[in-house]
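Here are some notes for a first look. Please keep the structure open while reading.

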Amino acid sequence: MSDGAGEAPIKDFATENEVPKKKQKLSKAVIADIERKRQNAILLRDSRIQSRVVKDCLNTKLSTESNNKDTSNSDTATKTAQDIPGCDLSDLSDPVYCRDCNIQCNASYLYEKFGEPVCDDCKAKDKEQFKLISRTDAKNEFILKDCDFDFREPPLRYISAPNPHRRTGSCMKLYLVGHVYQRACEVHGGDEGIDEAVTRRSENRERAAQRKMEKRMADLRRAARQRRPREAHVHVYGEERYDEEEDEYSHTCTECGHVETYEKM
């Protein structure tokens with residue numbers, strides 16, 4: 001019998017033969033949803049922390065100043081948080097809630113870029129409602145001018161994207177179709193005004209094309225006349241005349257007046 005210390009360890013065959021379970025991979029949509037919820041939670045936490053810090057700062061400053069002042073000066077104007085140095089309220093904003101599902105959407109794509117209170121989930125559900133349109137297509141479709149985008153109040157918000165036609169060209173501007181439609185209604189006076197503007201533009205284009213075609217045809221006819229070869233003139237002579245002094249004969253064309261002189265042998 002050998003000692004227990006020299007005995008070989010007993011292998012657990014059940015553990016060795018057990019196949020390790022594969023970790024289930026999460027889809028991109030699930031990962032994006034988790035990240036979006038995490039960002040919203042971080043934003044909510046930071047806003048609560050900042051609000052508490054500002055309140056504490058405000059109370060501390062006001063209590064310190066009130067203790068240093070005499071009671072005779074107690075009627076001075078009350079200071080607000082913006083008047084107190086050290087309290088920065090520029091980063092604080094009231095929570096914004098989605099107009100469809102009523103969840104907080106301060107960090108949503110549409111609210112940050114276009115000021116639309118719509119969360120990312122609702123944007124993904126209704127992509128047709130929040131389609132983007134380039135500035136050139138918007139001007140052609142809704143009969144708008146550059147001043148309607150930039151100078152009419154309020155200016156339309158947009159995002160910049162690389163030019164798909166020219167790499168070295170300037171970036172194109174993308175607008176929300178809903179915003180462009182509202183601006184077109186303001187300019188033209190509603191749907192009927194937009195339809196009338198589209199019809200009027202089509203008629204103007206047809207007239208311009210007709211004038212261009214007529215000018216082109218006139219130029220072609222003029223060029224054809226210039227290239228046409230001229231027919232040779234055939235003289236039609238009249239009666240023959242004899243000049244005794246010069247001893248020569250002549251006759252004159254009855255159409256062009258050309259005089260031909262000749263001698264007879």
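1. Start with the cover over helix 7. Its buried residues are covered by elements including helix 3 (109–114), strand 1, helix 5 (135–142), helix 6 (146–150), strand 3 (172–176) and helix 8 (191–227). Keep in mind that this is a predicted model.

2. Which residues of helix 7 are buried? They are His179, Val180, Arg183, Ala184 and Cys185. In an α-helix, residues three or four places apart point the same way, because there are 3.6 residues a turn.

3. Now the dimensions. Helix 7 spans residues 177–188, 12 residues in total. From first C-alpha to last it reaches 16 Å, close to the 16 Å expected at 1.5 Å a residue. Gly189 follows helix 7, and the phi of Gly189 is positive, near 85°.

4. Strand 1 is among the elements that cover helix 7. This strand runs over residues 132–134 and includes Ser134. Is Ser134 buried or exposed? Ser134 counts as buried, because its relative accessibility is 14%, under the 20% cut-off.

5. Look next at the surroundings of Ser134. Its side chain makes a polar contact of 3.1 Å with the side chain of Asp137. Beyond neighbours within four places in sequence, Ser134 touches Lys173 and Leu174 by contact.

6. Finally, the surface. Leu26, Val30, Ile31 and Ile34 make up a nonpolar patch there. Together they have about 350 Å² of accessible area. Ile34 sits in helix 2 (residues 28–68). Ile34 counts as partly exposed, because its relative accessibility is 46%.

Notes:
Residues are numbered from 1 along each chain as its sequence is written. This is a predicted model: local features need pLDDT of at least 70, side-chain atom pairs count only at pLDDT 80 or more; totals for chains, interfaces and linings use all residues. Side-chain values use heavy atoms; hydrogens and water are left out. Helices (H or I, at least four residues) and strands (E, at least two) are DSSP runs, numbered from the N terminus. Buried means under 20% relative accessible area, exposed over 50%, partly exposed in between (1.4 Å probe, protein chains only). A polar contact is a pair of N or O atoms within 3.5 Å; within protein, one must be able to donate a hydrogen and the other to accept it, and residues adjacent in sequence count only if both atoms are side-chain atoms. Contact means heavy atoms within 4.5 Å. The expected span of a helix is 1.5 Å times one less than its number of residues. Patches are made of residues with over 30% relative accessible area and no salt bridge: like charges are joined within 9 Å, nonpolar side chains (Val, Leu, Ile, Met, Phe, Trp, Tyr) within 5 Å. Accessible areas come from the Shrake-Rupley method with a 1.4 Å probe; for residues, only the protein chains shown count as cover. A salt bridge is a side-chain nitrogen of Lys or Arg within 4 Å of a carboxyl oxygen of Asp or Glu.
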